[in-house]
Each structure stands twice: as structure tokens, then as C-alpha cells.
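Here is a short briefing on one chain. Keep the sequence and the 3D view open as you read.

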Amino acid sequence: MLGGAGVLLGVAAAPAQAAEVSYATDCVPPPVSGLPTVKGTTKVEVTAPATAKVGDEVEVVWKFTQAASKNPDLIDLPADSVQPSGTLKAAGAQTASVAMQGPRENPAIPKGGAMILSDMKGKLKLTTAGEVTLTPDAYAINVMSTDTKCAPTETVKPAATIEVTAGEGDPPPESPDPTDPATTGGTTRGDTTTGGTTGDTIGGGTGGGDTGGTTGGGGEQTDFTGKAVDIPYACKTPIGDKDATSPVQINAKKNGGSYDLTVQFKGSVMDSPADIPADSVKPSMEVVLGGADKGTVAVEGPTNAEAIKSGDPMVISDMTGTYKPGADGESTLSPGVLTVKALGTTTTCTPKESAVSLTLDTSAQPGGAAGGSGSAGGSASGSGGSGAASGGLAETGSDDGGGLRALGLVAGTAVLLGGAVFTFMPGAWRRASRRAP
């Protein structure tokens, strides 16, 4: 019996005889990097079941045997900092685009080293009998919140084929279970993240959605976790204007009628391009209020306690401040203007687009923020709560609110802090930015 079961399993799991396909590719680095388009060759193996029937949902695996671009000669990429995503084209009996994505898993990649990308996976629901071919298409390489986009410049050959047969005797689709909250209206289905609950609302209830983590001011809840939102910044630095995008999260802890705020930049460890002395880097921000309330809240972080040597992770503290509400109702908190002072220089970054990280159900306090045009609160010792990043973003704060290890170079771009750092090495920056990957 065991032998027979093994044979049956072997037949069911038989993969397609996937051959490696190779195709010319253009890879476009992030515009802010100033790097030219890379022309290279992508080599891919795709595996999928050799046979299946209509109605099956099959898993497809995209394995890179060679990426078209290399790591530029700018910085060493740390382990688990690179994530690929892409599109696989199904054709023949069925036409579809299959979204593919791999985990953020990679060994450390030195400057100029080959890009090592994780295997991407996706699922395809088979709808039509016949031969279905699978062909790799465009893909993106995400490194520290920036994307290098790669696309074929020639016709790509199919990398795998599935023989799809008509299903016989398949049971009819099951009727929705009326007791399942996911299939009924008027029920809130919560997706729980560390430190709080964000909303995934179906037909009613309140949730975070795309407007940030929605939280109530009543009851016993005192800690509120915001949503990490990607904020595109226009930065004025001592060496010129730069654009940068970084995920930012705002968390709050109720303290009487006010809230202690903690603002965190989410990302991964980056290496410092130069020696940075202790007590030389200090960030601050104006958190923008919206909804029922108006004004801004000033938050700031302490300077770096220890010197940061070239090649070591850059560490910047979380920023804290106190928000005293000035209105009753739902008030939103969004990342605002960021200021980074380092070694006598100032870099000012203004959001090009606003995004709500946190929504609070507030009650007006005497002297609160509503209608104010200036700062709604000064710096204060916040809760230090780290919270969990929405959407699976990496948590980089330490257990004691230690902070961010994400303001540095991203694939050769100065992200938020870069202008201040590069006052030490403008010549090196100019030389590096002209190098092709």
C-alpha cells in the first residue's frame, strides 16, 4: 500500500520538464540614483505540474539562474535586503498574467557582485483544457524601498508547459457558509498585527484600510499602532536637491487626555558611507493633523549616542512628541516635513504626497491643536513602542525603541540623510554615480 501511494504521489507531483530560457533584458535603476540603464541577460527556469485538470489551481516557481544586472560598485548589500517580484505570462489554451514574488532572502552581496535573487512563486487557476505555456516577463528588484525594473527586449521562449485536461465528475462549487464572517456583510474581519489591530472590513465596522490604523479613544485601549506608509520626499541638501521615498509609521500611547507619539522610519540595515561622530545626527519632524483636528505636532529624536564608522549600520533614533487633541472626532496623523541636522549641516525633506499613518478617536482638550497653524505639541518622552509594520515591512527598532537603521544609501541614492553625509565625500559621490552596475 505504501509503495502504491508513493507511485501515485510521484505522478501527482511530477513537475514539467522545464528548460532554462535566456533573454536580453533592460534594467532601469531608480531615477534618483542617477545610474544608467543596464543591458544584460536574464536566465530563468520555470517549474509547474506537467499535467493538471480544469479547475485546478497550480503553483508555479520562477528560479533565477542569472539576473540581468549586478550590484553597483557603490555599497555592499546586507543579507535579506533584496526582494524580487515579476509577471509570468500564460498562453495557449488559456491567457493570463501570473503575479510572482519571492521572499526577501539573500546572502550579503558585495559591491559589484552578482545579484542573487530568491525563487519567486505564484498560482494559476486553470480554466480551459489544452496546452498552457508559461513564459517569464518583466520583473522588479526591490532593495531598501527602491525598485530596479527589468523588462525583456526580445521575444522570450516559453519555459514550461502544462497539459490541461477537462475535469470529470468534479463536485459543484460549495455554497458560501453563512456562518463564515469572510462571506457575510456587516462583519468586521480583523487582521491582527503585533501591537494592535488594523482593519480589513467587509460590509461594515471600522478598520484601518488605506487611511492608516484606525483606533478608538475609549475603552481600556492605550496603545495604538499606525500603518507604515511610503512617503515620497523632496529633499534640499547641502549638495543639492534629491528625491527619496521611505516608509514611515506613527504610533501613539494615550496619556490622560493627550497622546505620546513615536515616529519610526521603517526599512532595513544600511551601511554608512563615511565615519560619523557621536552626537552629530539629530532628526525632527512636523506630524500633520487632519480630519477633525488641525495643525502639526513637533517630534524629535536624540542624537546618535555612538560614533558610526564607515561600513557600519547607520542608526537614527525614533522621534517622539506629545499630541494634545483640539477637536472631538476622528483625527488623522500623517508624516510631515523632516529635518536632519548633521555636523553643522541641515537637510530638509518635504513630502510630495501625504498619506495617513494613524487615525485616532479624539476628545478636545483645553489648549489643544484644532484650528492652530503652528506646532500642536513640543518634544516629550514618548512611549517608545515599536509596533509592527503593515504589509510585512521589516521592524528595525530595538526592543527599547532604539530606532531606525534605514537612513543611508539605497542602491547609490542618498535617502533622507544622504545630503549631510555626502558633504564629507562629494567627489566620491560624483565618481560613484557615474559608474554603471
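Leaving aside residues within four places in sequence, Met115 is in contact with Ala67, Ser69, Lys70, Asn71, Leu77, Val82, Ile109, Ile141 and Val143. Met115 also belongs to the largest nonpolar core.

**Nonpolar cores**
- The largest nonpolar core has 41 residues. Trp62, Met115, Leu134 and Tyr139 touch the most other members.
- Several strands give two or more residues to this core, among them β1 (21-28), β2 (38-47), β4 (57-66) and β5 (82-92). The list also includes β6 (96-101), β7 (120-125), β8 (130-143) and β10 (160-165).
- β8 gives the most, with 5 residues.
- A second core is separate and has 30 residues. Val229, Cys235, Met319 and Val340 are included in it.

**Strand β7**
- Side chains alternate along β7. Met120, Gly122 and Leu124 point to one face and are buried.
- β7 runs antiparallel to β4, and 6 bridges join the two.
- Which residue of β7 is the bridge partner of Glu59? The partner is Lys123.

**Confidence**
- The mean pLDDT of the chain is 72. Of its residues, 64% reach 70 or more.
- Residues 1-13 have pLDDT below 50. Beyond near neighbours in sequence, this stretch has 0 contacts in the model.
- Over residues 214-219, pLDDT also stays under 50. Here the model has 17 contacts beyond four places in sequence.
- Where pLDDT is low, predicted coordinates should not be read in detail.

Conventions:
Residues numbered from 1 in each chain as written. Predicted model: local features only at pLDDT ≥ 70, side-chain atom pairs only at ≥ 80, totals over all residues. Heavy atoms only, no water. pLDDT = per-residue confidence, 0-100. Contact = heavy atoms within 4.5 Å. Core = buried A, V, L, I, M, F, W, Y, C linked by side-chain atoms within 4.5 Å. Buried < 20%, exposed > 50% of the residue type's maximum accessible area, 1.4 Å probe, protein only. Helix = DSSP H or I, 4+ residues; strand = E, 2+ residues; numbered from the N terminus. Pairing = 2+ DSSP bridges.
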